[in-house]
Amino acid sequence: MFAFILGCLYLTTALATLWLVKEKFNIFGFIYNPDNKFFLIIFDLPFLLISFAAIIEENHWFLIVIFLMHSLNSITLLIKPQLFYQSKEEMQLMDEESVNNFLVIMTSVFGVGCLLISYL
């Protein structure tokens with residue numbers, strides 16, 4: 001059940017990202033603005049909690065990878081935020097459209113993967 005909820009949350013996030021891109025919102029600038037650090041941590045919290053609950057319910061490697069990714073992201077933002085914001089230069093090598101496409105594709109893949117785990 002938690003894997004299904006996590007999949008729906010990811011797919012909703014993908015749709016919200018598509019809408020923000022359509023509305024010309026600067027997602028890249030928002031993510032890499034240090035003033036938004038706590039918003040990103042709070043945004044990551046439901047993904048962390050639900051993925052942990054999904055791991056307890058269904059011990060699957062895909063869910064463990066998702067949990068570890070969210071944990072690493074949140075811990076980096078809390079403990080070493082300068083390390084997180086250093087990656088901005090690397091991300092700027094890609095254009096903003098590529099970053100947005102990557103976000104939508106990854107959240108969609110995670111969403112579909114979670115739904116498949118909940119179905120099987």
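**Figure 1. Confidence of the predicted model.** The protein has a mean pLDDT of 88, with 93% of its residues at 70 or more; pLDDT is the predictor's confidence in each residue, from 0 to 100. Confidence is highest in helix H1 (residues 2-22), at a mean of 93, and lowest in helix H5 (residues 81-92), at 72. Helices (H or I, at least four residues) are DSSP runs, numbered from the N terminus. Where pLDDT is low, the predicted coordinates should not be read in detail. Because the model is predicted, local features need pLDDT of at least 70 and side-chain atom pairs count only at pLDDT 80 or more, whereas totals for chains, interfaces and linings use all residues. Residues are numbered from 1 along each chain as its sequence is written, and side-chain values use heavy atoms, with hydrogens and water left out.

**Figure 2. Nonpolar surface patch involving helices H3 and H4.** Phe38, Ile42, Ile75, Leu78 and Ile79 make up the patch, which together has about 560 Å² of accessible area (Shrake-Rupley method, 1.4 Å probe; for residues, only the protein chains shown count as cover). Patch members have over 30% relative accessible area and no salt bridge, and nonpolar side chains (Val, Leu, Ile, Met, Phe, Trp, Tyr) are joined within 5 Å. Helix H3 (37-57) and helix H4 (61-79) each contribute at least two residues, the largest share, three residues, coming from H4. Phe38 belongs to helix H3 and is exposed, its relative accessible area being 54% (buried means under 20%, exposed over 50%, partly exposed in between; 1.4 Å probe, protein chains only).

**Figure 3. Helix H6 and its buried residues.** Helix H6 (residues 96-119) comprises 24 residues and spans 35 Å from its first C-alpha to its last, close to the 34 Å expected at 1.5 Å a residue; the expected span is 1.5 Å times one less than the number of residues. Buried residues of H6 include Val99, Val104, Phe110, Cys114 and Ile117.

**Figure 4. Cysteines Cys8 and Cys114.** The whole structure contains zero disulfides, a disulfide being a pair of cysteine sulfur atoms within 2.5 Å. Cys8 is in no disulfide, and the nearest cysteine sulfur, that of Cys114, lies 9.6 Å away. Cys8 is partly exposed, at 30% relative accessible area, while Cys114 is buried, at 0%.

**Figure 5. The salt bridge between Glu23 and Lys22.** The structure holds one salt bridge, defined as a side-chain nitrogen of Lys or Arg within 4 Å of a carboxyl oxygen of Asp or Glu. The side chains of Glu23 and Lys22 meet at 3.5 Å, N to O. Glu23 is partly exposed, with 44% relative accessible area, and Lys22 is exposed, at 60%.

Technical notes
Patch = residues over 30% accessible without salt bridge, like charges linked within 9 Å, V, L, I, M, F, W, Y side chains within 5 Å.
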